[in-house]
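Trainee: Could you walk me through reading a structure, feature by feature?
Mentor: Gladly; here it is.

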Amino acid sequence: MYRSGAVMAWNVFRFCTALRGLGSIMILLVLGVVGVTYYAVVLTNYGPSLASSGGFLDVLIALSVLVLFHCLLVMLLWCYFSVVFTDPGSVPPNWRPELDEERGETDPLTTSEFGASPADSGNPRIRFCRKCNQLKPPRCHHCSVCGRCVLKMDHHCVWVVNCVGALNYKYFLLFLFYTFLETTVVTLSLLPQFIAFFSDGEIPGTPGTLATTFLAFVLNLAFALSVLGFLIMHISLVSGNTTTIEAYEKKTSPKWRYDLGRKRNFEQVFGLDKRYWFIPAYSEEDLRRIPALHGLEYPSKPDLDAQE
């Protein structure tokens, strides 16, 4: 029994080490897909169409595709690098809870309850991470890949080489949103060229440009379909004010302490200021008024017991 547990721990360690090793490779892969797509859409197909002396309708279509493509690309890359470079949320040094929020208790925690060593106190009201050797705020989980506790951790994403947590979850959702829109636009814009591959007529272009167009279509179609699934899943999570980890942990529970209703649940992630809903940023007023955006305090239903 001990041997099997040790083997499992070693395999998990190797897996986490491998994920850390991916590092910038995943960022380069994302930029590579963007580069192939840009070459196929702008340089190979719609750029030349815009510069040619074709009909008014052809020029209008090319201009529309190029404007929409570039606008979505800017938003996609802005959101992507916001997720990559934004710390998802770390436990502040010497942080201590005032009460056991996750268990729905209102009685303040006293100094004596922490004892000399919170790790050995055995107090169920105190959440402690033995790997980080520190206290854990509500909804905080330890990431084995990052090697630290992350506030309101959702998951570790290899595509952004970072954890998705309290401070960058909105940016991650916007990244999914703009990725779906961009890949859908690219798929539809390259669909006529893709269909032409299977026709008997002659297709203009060199073998290299034709291969790039074919590859860009297949990649963007695959990403559009897969990202749509993730987007639907996370919309469901936001509507219930939960995370991927919490959804798994409470899958047998019909009620959830932090579910405040769809409107307030949405505001806990995106804020109140509508001007900031579609960009990876928050207004100063929202940061001041909504404690959940800082990842340490969350409003909840006091009449429900939290489900661990």
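Mentor: We will go from the whole chain to some single residues.

Mentor: This is a predicted model, where local features need pLDDT of at least 70 and side-chain atom pairs count only at pLDDT 80 or more, while totals for chains, interfaces and linings use all residues. Residues are numbered from 1 along each chain as its sequence is written, and side-chain values use heavy atoms, with hydrogens and water left out.

Trainee: How many helices and strands are in the protein chain?

Mentor: Helices (H or I, at least four residues) and strands (E, at least two) are DSSP runs, numbered from the N terminus. Here the protein chain has nine helices and six strands.

Trainee: Where does UniProt place the feature "transmembrane region"?

Mentor: UniProt positions use the numbering used here, feature names are shortened, and annotations may be inferred rather than shown by experiment. The unreviewed entry gives residues 21-41, 61-86, 171-198 and 210-232. In the model, residues 61-86 are 96% helix and 0% strand, with end C-alpha atoms 37 Å apart. Residues 210-232 are 100% helix and 0% strand, and their end C-alpha atoms lie 33 Å apart.

Trainee: What share of the residues of the protein chain counts as buried?

Mentor: Buried means under 20% relative accessible area, exposed over 50%, and partly exposed in between (1.4 Å probe, protein chains only). Of the 308 residues, 42% count as buried. Areas come from the Shrake-Rupley method with a 1.4 Å probe, and for residues only the protein chains shown count as cover. The protein chain exposes about 17000 Å², and carbon and sulfur atoms supply 65% of that area.

Trainee: Which residues form a nonpolar patch on the surface?

Mentor: Like charges are joined within 9 Å, and nonpolar side chains (Val, Leu, Ile, Met, Phe, Trp, Tyr) within 5 Å. Here Phe56, Leu57, Leu60 and Ile61 form the patch, with about 430 Å² of accessible area together. Phe56 sits in helix α3 (residues 56-85) and counts as exposed because its relative accessibility is 68%.

Trainee: How many aromatic pairs does the structure hold?

Mentor: A pair of aromatic rings is described by the distance of the centres and the angle of the planes. Rings of Phe, Tyr and Trp (its six-membered ring) pair if their centres lie within 6.5 Å; planes under 30 degrees apart count as stacked, over 60 as edge-to-face and the rest as tilted. The structure holds 16 such pairs. In one of them, the rings of Tyr80 and Phe81 have centres 5.2 Å apart and planes at 75°, so the pair is edge-to-face. Tyr80 is buried at 0% relative accessibility, while Phe81 is partly exposed at 27%. Phe194, Phe197, Phe198, Phe214 and Phe217 form one aromatic cluster.

Trainee: With which residues is alanine 224 in contact, leaving aside its neighbours within four places in sequence?

Mentor: Contact means heavy atoms within 4.5 Å. Alanine 224 lies in helix α6 and is buried, at 8% relative accessibility. Its contacts, with those neighbours left aside, are Phe180, Thr183 and Thr184. Alanine 224 and Thr183 are 41 residues apart in sequence, yet 5.3 Å apart in space, C-alpha to C-alpha.

How values were computed: Patches are made of residues with over 30% relative accessible area and no salt bridge: like charges are joined within 9 Å, nonpolar side chains (Val, Leu, Ile, Met, Phe, Trp, Tyr) within 5 Å. A salt bridge is a side-chain nitrogen of Lys or Arg within 4 Å of a carboxyl oxygen of Asp or Glu.
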